[in-house]
Amino acid sequence: MARVLVLNGPNLNRLGTREPDIYGHDTFDDLVRECAATGESLGLEVEVRQTNDESELIEWLHEAQDTGSAVVLNPAAFTHYSYALRDACAMVEGPLIEVHLSNPAAREEFRHTSVVSGVANGTIAGFGLDSYRLALRAVAVLLAD
Ligand code: DQA
């Protein structure tokens, strides 16, 4: 069974209480449950993690490279400026899908830049938890090709 790491960056552990008008009322535990259920229905082994620490996120991407795992990544604010994260993403060989709950292109100017998009297979943004469901589907499609 193909393994997918669903990796989440800073402040996403605060879902449910973090700016609910933007990010909704679903909690991080809801996100974990939804990803597990979607993974099961697609025949993917899904593991969901979250960190507020850039170096830990980079280590997890190294792990994805070493284990040949696919990645669904919400880099959160690191999206917009972390070249170190981008370089780690570039080493991942399995599909790597960038996801966002909100649509950064429709928000503040600084969110319009993603340094990660250029090394991802694709980006899904703006659909709340459905962004993750769609990203896992994209992984399944790319693995089947
Ligand atoms: C986010 C969008 C980012 O701009 C923001 O910094 C986040 C969450 C999203 O999922 O919509 O932390 O990645």
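G94 touches S69 and N121, where touching means heavy atoms within 4.5 Å and residues up to four places away in sequence are not counted. The structure is a predicted model, in which local features need pLDDT of at least 70 and side-chain atom pairs count only at pLDDT 80 or more, while totals for chains, interfaces and linings use all residues. Residues are numbered from 1 along each chain as its sequence is written, and side-chain values use heavy atoms, with hydrogens and water left out.

**Loop residues**

- G94 is found in the loop between α4 (83–91) and β4 (96–100); helices here are DSSP runs of H or I with at least four residues, strands are runs of E with at least two, and both are numbered from the N terminus.
- With a relative accessible area of 16%, G94 is buried, a class that means under 20%, whereas exposed means over 50% and partly exposed lies in between, for a 1.4 Å probe and protein chains only.
- The C-alpha atom of G94 is separated by 11 Å from that of A140, a residue 46 places away along the chain.
- T27 is found in the loop between α1 and α2, and its relative accessibility of 30% makes T27 count as partly exposed.
- T27 touches L15 and G16 when residues up to four places away in sequence are not counted, and the C-alpha atoms of T27 and R14, 13 residues apart along the chain, are separated by 7.3 Å.
- N11, in the loop between β1 and α1 (20–23), has a phi near 75°, which is a positive value in a residue other than glycine; at 38% relative accessibility, N11 counts as partly exposed.
- E19 is found in the loop between β1 and α1 and has a positive phi of about 35° although it is not a glycine; at 39% relative accessibility, E19 counts as partly exposed.

**Helices α2 and α5**

- Two packed helices are described by the angle between their axes and the distance between the axes.
- The axes of helix α2 (residues 28–42) and helix α5 (residues 129–144) come within 10 Å and cross at roughly 30°; axes are lines fitted to C-alpha atoms, for helices over the stretch in contact, and angles run from 0 to 180 degrees between N-to-C directions.
- Helices α2 and α5 are therefore roughly parallel to each other, since angles under 35 degrees count as roughly parallel, over 145 as roughly antiparallel, 65 to 115 as roughly perpendicular and the rest as oblique.
- The crossing of α2 and α5 is right-handed, a term used if the near helix is turned clockwise from the far one by less than a right angle, with left-handed used if anticlockwise.
- On the α2 side the contact is made by D30, L31, E34, C35, T38, G39 and L42, and on the α5 side by L129, Y132, R133, L136, R137 and A140.
- The residues of this contact divide into seven nonpolar, two polar and four charged, where Ala, Val, Leu, Ile, Met, Phe, Trp, Tyr, Cys and Pro count as nonpolar, Asp, Glu, Lys and Arg as charged, and the others, Gly among them, as polar.

**Salt bridges**

- A search of the whole structure finds 10 salt bridges, each being a side-chain nitrogen of Lys or Arg within 4 Å of a carboxyl oxygen of Asp or Glu.
- One of them joins E45 and R3, whose closest N and O atoms are 4.0 Å apart; because E45 lies in strand β2 (residues 45–50) and R3 in strand β1 (residues 3–8), the pair ties together parts that are 42 residues apart in sequence.
- E45 counts as partly exposed at 40% relative accessibility, and R3 likewise counts as partly exposed at 22%.
- Another salt bridge is formed by E63 with R49, the closest N and O atoms being 3.0 Å apart, and this pair links distant parts of the chain, with E63 in helix α3 (residues 54–67) and R49 in strand β2, 14 residues apart.
- E63 counts as partly exposed at 23% relative accessibility, whereas R49, at 14%, counts as buried.
- The side chains of R133 and D130 also meet in a salt bridge, at 2.0 Å from N to O; both residues lie in helix α5, three residues apart, which is about one turn of the helix.
- R133 counts as partly exposed at 26% relative accessibility, as does D130 at 37%.
- Salt bridges that share partners join R3, E45, E47, R49 and E63 into one network.
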